[in-house]
Every structure is written in structure tokens, then in C-alpha cells.
Amino acid sequence: MAGNSLKLTVAVTKEMEQLLAEAKENWFFDRTQADMLVELIRAGLDAVNKNKESAAKPANLR
């Protein structure tokens, strides 16, 4: 991890608890919870960026 890390506190809702538990069990069983959260945040940010990029393209280029 980068040397200039930022520590954050994440509040997990009841609805998210089960989803995160399933993700940990199915995909991240061999990694720490912190690693799992980093990967999920990165995937979410990538998805948002791709969404923005496709929205910025003209409809005929999608």
C-alpha cells in the first residue's frame, strides 16, 4: 500500500452487512477485510468513471 495512506472509517448499513459477508466468503476468503474493501472501492470508482466516460460520448459512438 502507498506510503501516504489515508485512514477512513466506513459505516456499514444492515443491508450491506450481508452483502459484504458474502463477498468475503466467496471472493475474498484468502485476503483481509481491509484488502476486500480497497478492492471494492476501486471497482466502484472504476465503474463510476466508465459510466461518466460513456455518458460523455455522443450516442452514435456508444
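Predicted model: local features only at pLDDT ≥ 70, side-chain atom pairs only at ≥ 80, totals over all residues.
Local features need pLDDT of at least 70 and side-chain atom pairs count only at pLDDT 80 or more, while totals for chains, interfaces and linings use all residues. Residues are numbered from 1 along each chain as its sequence is written, and side-chain values use heavy atoms, with hydrogens and water left out.

Helix 1 and helix 2 (residues 33-56) pack with their axes 11 Å apart, at an angle of about 105 degrees, which makes helix 1 roughly perpendicular to helix 2 (a label for angles of 65 to 115 degrees). Axes are lines fitted to C-alpha atoms over the stretch in contact, and angles run from 0 to 180 degrees between N-to-C directions. Helices are DSSP runs (H or I) of at least four residues, numbered from the N terminus. Where the two meet, Leu20, Ala23 and Lys24 of helix 1 touch Gln33, Met36, Leu37 and Leu40 of helix 2 (contact is heavy atoms within 4.5 Å).

Three salt bridges are found in the whole structure, each a side-chain nitrogen of Lys or Arg within 4 Å of a carboxyl oxygen of Asp or Glu. In helix 1, lysine 14 and glutamate 17 lie three residues apart, about one turn of the helix, and their side chains form a salt bridge at 3.8 Å, N to O. Glutamate 39 pairs with arginine 31 at 3.7 Å and with arginine 42 at 3.3 Å, so that Arg31, Glu39 and Arg42 are linked in a network of salt bridges. Glutamate 39 and arginine 42 are separated by about one helical turn because they sit three residues apart in helix 2.

Notes. Parallel < 35°, antiparallel > 145°, perpendicular 65-115°, else oblique.
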